[in-house]
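Here is a short report for a reader meeting this structure for the first time. Keep the model in view while reading.

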Amino acid sequence: DKEKALSMRTYNETAGIINNYMNPHFRTKRIEEMSQIDFVNYCESNNDLNLVNHRKVLNHFFAWCEGNNYLRYRIVFKIPDEYQKSRRQRVILTDAQFKNLIENADGMILLYISMYALMGMRSLEILSLRWDHIDLDNAALKIDKFSNRKRKERAIPINGFVLSLLKQRRKEINSD
């Protein structure tokens with residue numbers, strides 16, 4: 001089902017985790033013999049990494065094995081406390097910093113920053129936005145379901161400042 005399909009970015013990240021980290025570590029283990037102890041050993045040998053996605057990949061693989069009757073039951077792996085990494089802290093600009101950023105940016109970077117900061121769009125949503133999804137007359141844009149995390153199409157009202165930047169960009173494209 002295309003709606004439930006992994007994005008290419010997620011697929012590549014998962015393949016990288018499996019090929020670069022899990023296969024070398026778990027290669028000699030049979031899936032029915034694996035335990036939390038094996039995952040703790042894995043965490044110990046990769047303790048410089050944030051292992052959240054590694055745990056997700058392994059848990060999803062075991063769920064798939066159970067769903068396809070390769071296992072009667074599955075283990076839900078947990079990252080031991082000593083290998084937990086704290087989440088990165090978001091940087092929140094002060095009003096003065098944001099004003100300085102906007103005043104010193106121009107062109108496409110100004111448009112990107114404005115859409116990101118003023119409209120709450122994600123990076124991939126901005127980068128994959130197409131002109132046929134932008135309605136300048138009604139100041140709205142459509143986010144395609146394949147360019148966002150939740151795989152749901154949605155409409156976003158366009159901020160007035162961003163609208164003026166988009167209209168200016170549209171004129172530049174048409175004049176070229």
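## A bend in helix H1

Helix H1 covers residues 8–26 and bends by about 35° at Ile18. The model is a predicted one. The buried residues of H1 are Gly16, Ile17, Met22 and Phe26. These buried residues pack against two helices, H2 (36–45) and H3 (52–67).

Helix H3 also holds Asn59. Asn59 counts as buried, at 11% relative accessibility. Leaving aside residues up to four places away in sequence, Asn59 touches Arg74, Ile75, Val76 and Phe77.

## The chain as a whole

The protein chain has seven helices and three strands. Along the sequence, their pattern is α-α-α-α-α-α-β-β-β-α. The radius of gyration of the protein chain is 22 Å, well over the 16 Å that the globule rule gives for 176 residues, so the chain is more spread out than a compact globule. Along its principal axes, the C-alpha trace spans about 65 × 40 × 25 Å.

Of the 176 residues in the protein chain, 28% are buried. The chain exposes about 12,900 Å². Carbon and sulfur atoms supply 49% of that area. Contacts can also be sorted by distance along the sequence. Among contacts between residues at least 6 apart in sequence, 49% join residues at least 24 apart.

The largest nonpolar core has 20 residues. Met115, Met119, Met121, Leu141 and Ile158 touch the most other members. Helix H5 (107–119), strand S2 (140–143) and helix H7 (160–175) each supply at least two residues of this core. H5 gives the most, with five residues.

Which residues does Ile158 touch, not counting residues up to four places away in sequence? They are Met119, Ile134, Asp135, Ala139, Ala140, Leu141, Leu163 and Leu166.

## Met115 in helix H5

Met115 lies in helix H5. Is Met115 buried or exposed? Met115 is buried, with a relative accessible area of 2%. Not counting residues up to four places away in sequence, Met115 touches Gly120, Met121, Ile126, Leu129, Leu141 and Val162.

Met115 and Ile156 are 41 residues apart along the chain. Their C-alpha atoms are separated by 11 Å.

## Salt bridges

How many salt bridges does the structure hold? There are eight salt bridges. One of them joins Glu103 and Lys99, with the closest N and O atoms 3.9 Å apart. Glu103 and Lys99 are four residues apart in helix H4 (residues 95–104), so about one helical turn separates them. Glu103 is exposed, with a relative accessible area of 54%. Lys99 is exposed too, with a relative accessible area of 54%.

Another salt bridge joins the side chains of Glu125 and Arg122, at 3.8 Å from N to O. Glu125 counts as buried, at 1% relative accessibility. Arg122 is partly exposed, with a relative accessible area of 34%. Both residues belong to a network of salt bridges that links Arg122, Glu125 and Arg154.

Asp132 forms a salt bridge with Arg130. Here the closest N and O atoms are 3.0 Å apart. Asp132 counts as exposed, at 57% relative accessibility. Arg130 counts as partly exposed, at 43% relative accessibility.

Conventions: Residues numbered from 1 in each chain as written. Predicted model: local features only at pLDDT ≥ 70, side-chain atom pairs only at ≥ 80, totals over all residues. Heavy atoms only, no water. Salt bridge = Lys/Arg side-chain N within 4 Å of Asp/Glu carboxyl O. Buried < 20%, exposed > 50% of the residue type's maximum accessible area, 1.4 Å probe, protein only. Bend = angle between axes of the 7 residues up to and from the residue. Contact = heavy atoms within 4.5 Å. Rg over C-alpha atoms; globule rule 2.2 N^0.38 Å. Areas by Shrake-Rupley, 256 points an atom, 1.4 Å probe, with all protein chains shown as cover. Core = buried A, V, L, I, M, F, W, Y, C linked by side-chain atoms within 4.5 Å.
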